[in-house]
Amino acid sequence: AMKACKRRTPVFKDALAIDPVTATDEENEAYVTRVIAERFPNHEVIGEEASAKLGSIPELTEKTTWIVDPIDGTQNFVHGAPLSVVSIGMCSGAIPVLGVVYDPYRDELFVGVANEGSYLNGDRIQSDSNGTLQKALVLTDVGYERSE
């Protein structure tokens, strides 16, 4: 849906108009939340867009909880840059145990499982062993927080 989507017009979650949300964000989150609820009815879900509407992020509890960012990189998505993904994490007892990132532009599914390892489209992956910051590729985002 993200790759072919034309519904990129944002509204903003904040007064400074720096934290966008699109209809596609909300549709993706509703879909993921519905599938999780169907398959794991006793689990909790914390969604980025639902939390924004509530005005706060719910606290993690001991219950198994899924954390959903339906379009991680909404600014990129809004501008048509193919640099956004769907990010989903799972915590058990408030401890992260699973991370899933799907890149619809490259059809790549990354999965990381605590104490097991990481996978790309089912194949085991690992970081290189360069070991120094000088040889590393580092990416960052200024984020949405603009306090002094």
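Reader: In what order do the elements of the protein run from the N terminus on?

Author: They run β-β-α-β-α-β-α-β-β-β-β-β, which makes three helices and nine strands. These elements are DSSP runs, numbered from the N terminus: helices are H or I with at least four residues, strands are E with at least two. Keep in mind that this is a predicted model, where local features need pLDDT of at least 70, side-chain atom pairs count only at pLDDT 80 or more, and totals for chains, interfaces and linings use all residues. Residues are numbered from 1 along each chain as its sequence is written, and side-chain values use heavy atoms, with hydrogens and water left out.

Reader: What is the mean pLDDT of the protein, and which elements have the lowest and highest values?

Author: pLDDT is the predictor's confidence in each residue, on a scale from 0 to 100. The mean for the protein is 85, and 82% of its residues reach 70 or more. Among the elements, strand β1 (residues 11-12) has the lowest mean, 58, while strand β7 (residues 108-113) has the highest, 98. Where pLDDT is low, the predicted coordinates should not be read in detail.

Reader: What makes β5 and β6 a pair?

Author: Two strands pair if DSSP finds at least two bridges between them. Strand β5 (residues 85-92) and β6 have seven bridges, in the antiparallel sense, so they pass that cut-off. One spot to look at is I88, which stands opposite V100 in β6.

Reader: Which strands make up the open sheet, and why are β3 and β9 said to stand at the edges?

Author: The sheet has seven strands in the order β3-β4-β5-β6-β7-β8-β9, with mixed pairing. β3 (44-47) and β9 (123-125) each have a single partner strand, so one side of each is left without a neighbour in the sheet. On average, neighbouring strands here are turned by 20° against each other, direction ignored.

Reader: How do you know that β8 pairs with both β7 and β9?

Author: Count the bridges again. Four join β7 to β8, which run antiparallel, and three link β8 with β9, also in the antiparallel sense. V113 stands opposite G117 in β8, and S118 stands opposite I125 in β9. The hairpin of β7 and β8 has three residues between the strands, and N115 takes a positive phi near 65° there.

Reader: Why is V101 called partly exposed?

Author: Buried means under 20% relative accessible area, exposed means over 50%, and partly exposed lies in between (1.4 Å probe, protein chains only). V101 has 29% relative accessibility, so it counts as partly exposed. V101 sits in strand β6 (residues 95-103). Not counting residues up to four places away in sequence, V101 touches V85, V86, S87, E108, L109 and F110; a contact means heavy atoms within 4.5 Å.

Reader: What makes E26 and K53 a salt bridge?

Author: The term asks for a side-chain nitrogen of Lys or Arg within 4 Å of a carboxyl oxygen of Asp or Glu. The closest N and O atoms of E26 and K53 are 3.5 Å apart, so the pair qualifies. E26 is in helix α1 and K53 in helix α2 (residues 48-54), 27 residues apart. E26 is partly exposed at 33% relative accessible area, whereas K53 is exposed at 64%.

Reader: How many salt bridges does the structure hold, and what are the N to O distances for K63 with E44 and R106 with D103?

Author: The structure holds three. K63 and E44 meet at 3.0 Å, N to O. K63 lies in the loop between α2 and β4 and E44 in strand β3, so the pair ties together parts that are 19 residues apart in sequence. R106 and D103 meet at 2.6 Å, N to O.

Notes. Axes fitted to C-alpha atoms, helices over the stretch in contact; angles between N-to-C directions.
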